[in-house]
Amino acid sequence: MNTNIIYISNSGNTKKLAEAIGEAINIEPIDITKEHILSDTDLLFVGTGIYGGKPNEKMINYIDNLPANKIKGAVIFGTSASGKDNSQLLVNCLRAKNIEVYSQHYFCKGKFWFISKKHPNDVDLDRVSRFAKYIVEKI
């Protein structure tokens, strides 16, 4: 199974999760703001921060511009100041590309100004690592 990890991280929170996932499943995460080639993928971990209740607009645009039939399935992960999963817009974009979006997502708190200053922490990183291993084994 060909698995990839893509992410965008304005403050470094989601990058930490992407790196923890990458280490857990032995895959180098791809920062979508840097030049890269995304190969055909069976399972794509998609990481984004939530800003103002919505996924990062650059990730939405990236998904909108993916060629059709390049990705089979996706799992969403990310951070937000509240730790809430507000990724429905991203789910809709992925589904519009005929990408199966698995129901399990991973979101945790991410530092924002003075809110959640200590997140993601070691517990969050351990949880996302275990989450990634579980997903890869399950699919």
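# Briefing: helix packing, buried residues and loop positions

A20 is buried, with 13% relative accessible area. This residue is found in helix 1, and the model it belongs to is a predicted one.

- Beyond the residues within four places in sequence, A20 is in contact with L125, V128 and S129.

**Helix 2 against helix 3**

- Two packed helices are described by the angle between their axes and the distance between the axes.
- For helix 2 (residues 57–64) and helix 3 (residues 88–96), the angle is about 10° and the axes are 9 Å apart.
- Helix 2 is therefore roughly parallel to helix 3, because an angle under 35 degrees counts as roughly parallel.
- On the helix 2 side, the contact is made by M59, I60, I63 and D64; on the helix 3 side, it is made by L89, L90, C93 and L94.
- Sorted by class, the residues in this contact are seven nonpolar and one charged, with no polar residue.

**The buried side of helix 2**

- M59, I60, Y62 and I63 are the buried residues of helix 2.
- These residues lie on the same side of helix 2, because they cover an arc of only 160° around the axis.
- The elements that the buried residues of helix 2 pack against are strand 1 (3–7), strand 3 (41–51), strand 4 (54–55) and helix 3.

**Cysteines**

- A disulfide is a covalent bond between the sulfur atoms of two cysteines.
- The structure has zero disulfides.

**Asparagines with positive phi**

- N26 is not a glycine, but its phi is positive, at about 60°.
- The position of N26 is in the loop between helix 1 (13–25) and strand 2 (30–31).
- With a relative accessible area of 73%, N26 is exposed, since the cut-off for exposed is over 50%.
- N98, again a residue other than glycine, has a positive phi near 60°.
- The loop that holds N98 runs between helix 3 and strand 6 (100–101).
- N98 counts as exposed, at 66% relative accessibility.

**I30 in strand 2**

- I30 is part of strand 2 and counts as buried, at 13% relative accessibility.
- Neighbours within four places in sequence aside, I30 has contacts with N4, I5, I6, Y7, H36 and L38.
- From I30 to I8, the C-alpha to C-alpha distance is 8.6 Å, and the two residues are 22 residues apart in sequence.

- S39 sits in the loop between strand 2 and strand 3.
- The relative accessibility of S39 is 33%, so S39 counts as partly exposed, a class that lies between under 20% for buried and over 50% for exposed.
- Residues up to four places away in sequence not counted, S39 touches N2, N4 and K70.
- N4 is one of the residues that S39 touches, and N4 is also among the contacts of I30.
- S39 and V101 are 62 residues apart along the chain, and 18 Å separates their C-alpha atoms.

Methods
Residues are numbered from 1 along each chain as its sequence is written. This is a predicted model: local features need pLDDT of at least 70, side-chain atom pairs count only at pLDDT 80 or more; totals for chains, interfaces and linings use all residues. Side-chain values use heavy atoms; hydrogens and water are left out. Axes are lines fitted to C-alpha atoms, for helices over the stretch in contact, and angles run from 0 to 180 degrees between N-to-C directions. Helices (H or I, at least four residues) and strands (E, at least two) are DSSP runs, numbered from the N terminus. Angles under 35 degrees count as roughly parallel, over 145 as roughly antiparallel, 65 to 115 as roughly perpendicular and the rest as oblique. Contact means heavy atoms within 4.5 Å. Ala, Val, Leu, Ile, Met, Phe, Trp, Tyr, Cys and Pro count as nonpolar, Asp, Glu, Lys and Arg as charged, and the others, Gly among them, as polar. A disulfide is a pair of cysteine sulfur atoms within 2.5 Å. Buried means under 20% relative accessible area, exposed over 50%, partly exposed in between (1.4 Å probe, protein chains only). The arc is that of the directions from the helix axis to the C-beta atoms.
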